[in-house]
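Reader: I am new to this structure. Please pick a single part, look at it closely, and show me how it sits within the whole.

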Amino acid sequence: MKKQILILLLLISFNFSYSQKLLTSWSQQNIENYTKEMYDEVQKLTSADLLVKNLNDKSWSAVFLTLNASINNYSKDNLYLNSLANQITDKTETKLEGTSRLIIWDRIVTKDIIFEGKGLVIDNDLFTVSGRANQILQNLTKKNFGYVTINSTEEELKALKKNWLSYLSNKNVEEFKPFDYKNSKIPEISSLNAVNALIISLQDNSTKEAITKKCLKNVYKLDEMPKEKSSSANYCNPDTYTYTYLAMLFGDEKMNESKNANWWLNFWNENHKNMVWNSEKGIYIIKQK
């Protein structure tokens with residue numbers, strides 16, 4: 001376990017852009033059904049076209065193309081920005097397709113996304129029109145007035161919309177300040193939402209098994225996981241990353257094989273309400289009841 005932790009620290013996550021972060025590794029090549037031809041076509045769309053597109057996107061590649069075209073062409077278009085702000089209260093939800101290596105912790109908890117151990121972490125719920133609009137606005141303005149999550153209420157969305165419209169009218173608006181997980185080895189996995197998602201991702205899942213088998217076959221020409229713990233092929237299984245992340249978050253220095261998927265699920269169910277961040281140690285501890 002200690003060796004695995006050191007490996008992951010060498011592949012430490014880092015900021016990719018405002019309001020989105022890389023965990024270990026990610027590139028546009030990881031996006032399913034994403035081609036240069038698609039990219040070129042979307043760059044030709046008007047701002048009005050993109051607003052309609054944001055309402056109707058049904059895949060991660062489509063969402064990414066809308067975001068990319070907005071950044072490239074309309075970052076200073078105030079009418080476009082205001083129109084996006086007016087989409088903040090639209091809670092229409094779409095189950096996005098092709099979400100490989102997209103990390104939205106709440107959607108991993110609901111099993112709408114399979115956690116693959118690495119990828120692009122986004123705090124807004126891109127499965128909703130409001131979340132996508134907020135993501136685009138944050139990227140275009142480099143401002144953060146809060147995130148749209150799976151649990152955002154109508155009142156919270158109205159307040160967020162008001163903040164965006166006030167800012168776009170040149171009024172002073174206080175920015176949202178995310179919690180600082182001081183001394184965290186990997187801040188991107190340090191929220192309680194992330195911890196919950198990591199534990200949920202450990203549970204049996206046929207799609208996760210298929211991802212593991214595909215990696216073993218395509219990359220290592222293997223039909224099953226190697227018996228050698230030191231083999232890099234073990235990282236075909238997302239759980240290899242997840243167990244290491246959880247060890248970091250709770251201060252485990254040695255591998256404890258008794259802490260399997262079921263153990264972590266029971267641990268979460270019994271203790272999550274009493275988990276507190278220890279800023280000095282950079283880990284979670286369980287507050288005494």
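Author: Accessible areas here come from the Shrake-Rupley method with a 1.4 Å probe, and for residues only the protein chains shown count as cover. By that method the chain exposes about 15200 Å², of which carbon and sulfur atoms supply 50%. The model is predicted: local features need a pLDDT of at least 70, side-chain atom pairs count only at pLDDT 80 or more, and totals for chains, interfaces and linings use all residues. Residues are numbered from 1 along each chain as its sequence is written, and side-chain values use heavy atoms, with hydrogens and water left out.

The pLDDT is the predictor's confidence in each residue, from 0 to 100. Its average over the chain is 92, and 93% of the residues score at least 70. Residues 1-16 have a pLDDT below 50, although beyond near neighbours in sequence this stretch has 39 contacts (heavy atoms within 4.5 Å) in the model. Where pLDDT is low, the predicted coordinates should not be read in detail.

The chain has 12 helices and six strands; these are DSSP runs numbered from the N terminus, with at least four residues (H or I) for a helix and at least two (E) for a strand. Buried residues, those under 20% relative accessible area (1.4 Å probe, protein chains only; exposed is over 50%, partly exposed in between), make up 48% of the 289 residues.

Other parts give some context. In strand E2 (residues 20-23), Gln20 and Leu22 point one way, Lys21 and Leu23 point the other way, and all are buried. E2 pairs with strand E4 (residues 119-122) in the antiparallel sense over four bridges; strands count as paired if DSSP finds at least two bridges between them. Leu23 has Gly119 of E4 as its bridge partner. Val219, in helix H10 (residues 206-220), is exposed, with a relative accessible area of 53%.
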